[in-house]
Amino acid sequence: MFDEILGLPAHPLIVHAAVIAVPALAVLAAVYGLAPRTRPALGWAVAGLAVAAPIAAFAAKESGESLERRNFASATGTLARRIAEHEEFADPLLIAAFALGVLSLVLLHLVRRGRGGGEGGGREGGGGGRAVTTSAAVLTAVVAVVAGYYAVRAGHSGAVAVWGG
């Protein structure tokens, strides 16, 4: 399933979805959490990316493993080291993307619940609800930084593996 798309190796095609979706979710989820005035405009984008980004990261990881088994299992020297370095970022990126997706959905739920079901006007619920939402927003922003870091490192190490440098 993750081997080829229309006769081309799937990984170079699929990886672009992860390279775009994970950092986009990281930025939008952090802004959504830390800048409450942006919530009405960003809610649906965050929800969509919270689902799409982990799926894209999973597909990129699986297609990369397939590509390595099929084309680079016997690689040695510099190429093997570059591939190994790139591969080291796959699991942390997938975990971070999944965690960010879950936290983003939790944050969306807390905001909607605190505002009586809508992302528009109104105030968040009492002190306890606001504290929980604020904590979730801060945790989401921290995980967004981690996910962004691993997305950049995975993308950069992949580019170095392919193009050198």
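The entries below go from the whole chain to single side chains.

**Entry 1: ground rules.** I am working with a predicted model, in which local features need pLDDT of at least 70 and side-chain atom pairs count only at pLDDT 80 or more, while totals for chains, interfaces and linings use all residues. I number residues from 1 along each chain as its sequence is written, and the side-chain values use heavy atoms, with hydrogens and water left out.

**Entry 2: the whole chain.** I looked up the secondary structure and found 5 helices and 2 strands, where helices (H or I, at least four residues) and strands (E, at least two) are DSSP runs numbered from the N terminus. Along the sequence, the order is β-β-α-α-α-α-α. Taken along the principal axes, the box filled by the C-alpha atoms is roughly 60 × 30 × 20 Å.

**Entry 3: surface and burial.** The chain exposes about 9000 Å², and carbon and sulfur atoms supply 69% of this area; the areas come from the Shrake-Rupley method with a 1.4 Å probe, and for residues only the protein chains shown count as cover. I noted that 39% of the 165 residues count as buried, which here means under 20% relative accessible area, with exposed over 50% and partly exposed in between (1.4 Å probe, protein chains only).

**Entry 4: nonpolar cores.** In soluble globular proteins, nonpolar side chains tend to be buried together. I therefore looked for cores, each being a set of buried Ala, Val, Leu, Ile, Met, Phe, Trp, Tyr and Cys residues joined through side-chain atoms within 4.5 Å. The largest has 33 residues, and those with the most contacts inside it are Val22, Leu25, Tyr32, Val46, Leu100 and Leu107. At least two residues of this core come from each of α1 (10–34), α2 (39–71), α4 (90–114) and α5 (127–163), with α4 giving the largest share, 10 residues. Another core, of 7 residues, lies apart from it and includes Ala10, Ile14, Ala18 and Ala59.

**Entry 5: salt bridges.** A search of the whole structure gave me 6 salt bridges, a salt bridge being a side-chain nitrogen of Lys or Arg within 4 Å of a carboxyl oxygen of Asp or Glu.

One of them joins aspartate 3 and arginine 70, at 3.3 Å from N to O. Because aspartate 3 lies in the segment before β1 (4–5) and arginine 70 in helix α2, this pair ties together parts 67 residues apart in sequence. Aspartate 3 is partly exposed at 31% relative accessibility, and arginine 70 is partly exposed at 38%.

I next looked up lysine 61 and aspartate 91, whose closest N and O atoms are 3.4 Å apart in a salt bridge. Lysine 61 belongs to helix α2 and aspartate 91 to helix α4, 30 residues apart. Is lysine 61 buried or exposed? Lysine 61 counts as buried, at 15% relative accessibility, whereas aspartate 91 is partly exposed at 43%.

The side chains of glutamate 85 and arginine 153 also meet in a salt bridge (3.8 Å, N to O), linking helix α3 (residues 77–88) to helix α5 across 68 residues. Glutamate 85 is partly exposed at 35%, as is arginine 153 at 29%. Finally, I noted that salt bridges with shared partners join Lys61, Glu62, Glu65 and Asp91 into one network.
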